[in-house]
Amino acid sequence: MEGTCKKDLIKNYTKTVIPPTVSIVLALLVSSLIIKLMGINPILAFQWLFKGALGSTNSVAETFLKASPLILTGISFALAMRCGLFNIGAEGQLYMGALASTVVGLYMPPVPMFIHLPIAVAAGFIGGGLWGLVAGYLKVKFGANEIITTIMLNYVALFFIGYMMHGPLLEPPGFLPQTPMVAETAKYPKILAGTRLHMGLIISLIALVMFYILLWKTKLGYEIRVVGHNPTAAHYAGMKPNRSLLVAMFLSGGFAGMAGSNEVLGVLGRMMEHFSYGVGFDGIAVALLGQNGPGGILLAAILFGAMRSGANIMQLATGVPVATIYVIQALIVIFIVCSEIFRRKGLKPFQNIMYRYRKKGVDTN
Amino acid sequence: MDSSVVQGIINFLSADLRLATPILLAAIGMIYSERAGIVNIGAEGMMLAGALAGVIGSFFFGSAWYGALLAVTVGGFAGLIFGFIVITLQGNQIVTGIAFNLLGLGLTTSFSRVILGSTSQRPEIDSFTAVAIPLLSDIPILGPVLFKQSIIVYFTIGMVFITYFILYKTTWGLKVRAVGDSPKAADTVGVNVYFVRYQSIIIGGMLAGLGGAFISLGLVSLFTENMVAGRGFIAIAAVIFGKWNPFGVLLAALLFGAGDATVFRLQSMGTDIPYQFIRMIPYIITIAALAGFVGKSRAPAASGIPYDKE
């Protein structure tokens with residue numbers, strides 16, 4: 001997870017481009033075998049997946065629709081990671097952000113869209129951010145490991161949302177655990193006629209640019225990255241590691257919260273239980289595949305968005321279950337994790353094995 | 001006391017023990033791997049794999065025992081792969097664990113459809129039933145709670161004691177603890193750090209697999225998508241709240257199981273009490289334990305750190 005400013009990107013070309021590409025190829029190969037095992041032709045399945053994701057204007061729109069929350073949760077994980085934090089809690093932060101946006105969308109007195117929508121989005125950022133800050137505070141103040149606390153806070157958030165959906169925010173007469181529709185002025189306007197694509201995509205792209213500027217062009221971001229590399233050195237350099245950790249957790253949670261707002265204000269128009277289906281966790285895969293950098297996150301989010309968008313068509317046409325997409329995603333992550341050792345040590349582990357093998361060969365001869 | 005009240009208490013405690021069993025199995029498995037320095041966030045996925053393997057084994061071989069055997073095998077294999085990634089390739093344990101959860105969800109959902117057909121026409125399968133132990137099960141209240149359970153439940157309780165014995169009274173247990181607390185020192189005195197870690201994570205996977213099979217063959221007798229429903233994560237909570245000690249983990253699992261049993265009670269009575277807050281309790285007290293509010297919970301020192309011999 002070394003720094004990837006522009007110069008590094010070119011210099012470390014082999015380290016930033018090859019592992020993700022090889023991981024994707026390997027993941028597709030292994031999942032082909034799995035699809036084959038189901039008795040289905042994998043080439044056909046991938047053809048339909050591709051067609052379903054990019055075959056028409058509408059499917060391209062759906063791909064970007066699915067990519068935009070992934071961009072945000074990808075930023076969320078990457079930002080915390082840059083500060084040396086494992087924020088596994090994007091899912092919970094996403095829900096808390098969605099809840100805050102929903103409340104603003106439902107209960108704010110009538111105002112024009114240019115006031116209502118930004119406030120609803122900001123509420124989502126703050127809602128998710130505060131939920132992230134809980135884990136940050138527990139770490140800084142009590143030394144509680146953020147990996148575990150963020151996992152636990154996911155569930156606390158999920159059950160809290162469950163309570164809100166069944167209780168105080170339940171839409172009358174209460175057939176489904178969901179809220180009423182938010183005001184029209186709080187919804188993201190559509191940006192492509194005849195599709196569901198909405199302004200949230202543009203907001204996600206702006207967030208991506210802001211993520212880049214924040215981390216690589218500001219003092220705050222510089223401190224976050226230094227703390228991520230070496231908190232002790234940061235401390236002796238006169239920085240305040242604890243403050244950076246808190247800021248990073250707040251911002252990380254905030255971007256995850258925005259992903260929740262994106263779904264509520266752009267796609268669903270209301271909040272409901274279990275609407276996310278793991279977008280928060282997918283952000284981890286997006287950030288890893290994207291090497292925690294803005295360009296990589298964008299490409300990875302589009303790839304995952306495309307898989308999510310094409311999966312239904314693939315299931316309809318070939319019978320490969322949508323869940324096979326999770327397998328592909330998981331395999332990509334696993335192969336990237338496996339490639340880390342080569343990034344650190346080059347091809348040495350391989351050479352060692354080869355060397356031992358050759359030595360044995362000599363002995364037996 | 002009114003006999004229906006007594007019966008209610010018996011039912012509640014009995015349900016508590018039953019509901020705690022899958023959590024406890026996975027958590028005991030995690031004690032081994034965590035004590036050896038491996039954090040297994042992927043237990044949820046391994047449990048799911050075990051749940052499906054259990055149903056498949058029971059379906060094709062006609063006995064829940066074959067199901068359990070298949071689940072243990074699949075879980076152990078998952079542990080082996082997990083071990084290869086995080087021990088040999090020194091991959092990040094947290095990320096690998098999350099990938100395993102996703103992999104478990106994806107594979108089980110896909111293959112349950114392919115192998116067992118759609119949800120509406122699920123085949124009848126053999127499952128675990130309660131086996132009353134003669135004499136002991138006649139003890140009032142305690143008898144039906146403790147001695148009228150499935151054999152897996154007895155095995156699980158037995159594992160708590162066995163694990164305590166193994167960890168604290170055997171050489172291998174000492175090695176496990178040493179490898180998790182200071183691998184370098186263990187290596188210096190000739191302990192094969194990698195091998196001990198492999199053994200621990202495989203045991204962890206096997207027990208998680210069995211825990212999953214007990215959900216699909218003990219609590220119900222079918223497989224549904226994502227049926228583990230977060231128990232793998234509750235197991236993590238139980239290990240932390242139980243301070244990495246088998247008896248502590250037993251109490252934690254029973255406490256969390258009691259929460260589950262209470263929720264089922266409330267739901268079946270149709271009350272308006274927001275049960276979601278009861279469901280939150282395990283996670284909140286685990287956070288509190290981590291933050292040191294209810295006795296500081298300290299992880300093994302080398303937990304989560306790959307060991308590099310060079």
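Student: Which residues of α3(A) are buried, and why do they fall on the same side of α3(A)?
Tutor: This is a predicted model: local features need pLDDT of at least 70, side-chain atom pairs count only at pLDDT 80 or more, and totals for chains, interfaces and linings use all residues. Residues are numbered from 1 along each chain as its sequence is written, with chains lettered from A and ligands numbered from 1 in the order in which they are written. The buried residues (20 or more other C-beta atoms within 10 Å of their own, C-beta atoms being placed from the backbone) are A:Pro19, A:Pro20, A:Ser23, A:Ala27, A:Ser31 and A:Ile35. They share a side because they cover an arc (of the directions from the helix axis to the C-beta atoms) of only 135°.

Student: Which residues are exposed on the other side of α3(A)?
Tutor: Exposed means 12 or fewer such C-beta atoms, and partly exposed lies in between. By that count the other side of α3(A) shows A:Thr21, A:Val25, A:Leu29 and A:Leu33.

Student: How far does α3(A) reach from its first C-alpha to its last?
Tutor: Helices are DSSP runs of H or I with at least four residues, strands runs of E with at least two, numbered from the N terminus. α3 of chain A covers residues 18-37, 20 residues. At 1.5 Å times one less than its number of residues, 28 Å is expected, and the helix comes close to this with 29 Å.

Student: How many residues of chain A are in contact with chain B, and how many of them are nonpolar?
Tutor: Contact means C-beta atoms, placed from the backbone, within 7 Å. On that basis, 35 residues of chain A meet 35 of chain B. Helices α7, α8, α13 and α15 of chain A each supply at least two residues of that side. Six residues there are polar and one is charged (Asp, Glu, Lys or Arg); the nonpolar ones (Ala, Val, Leu, Ile, Met, Phe, Trp, Tyr, Cys and Pro, with the others, Gly among them, polar) number 28.

Student: What is the radius of gyration of chain B?
Tutor: Chain B has twelve helices and two strands. The radius is taken over C-alpha atoms, and the globule rule is 2.2 Å times the number of residues to the power 0.38. For 310 residues the rule gives 19 Å, so chain B is as compact as a globular protein of that length, at 20 Å.

Student: What share of chain B counts as buried?
Tutor: The C-alpha trace spans about 65 × 45 × 40 Å along its principal axes. Of the 310 residues of chain B, the buried share is 54%.

Definitions and conventions
Two residues are in contact if their C-beta atoms, placed from the backbone, lie within 7 Å.
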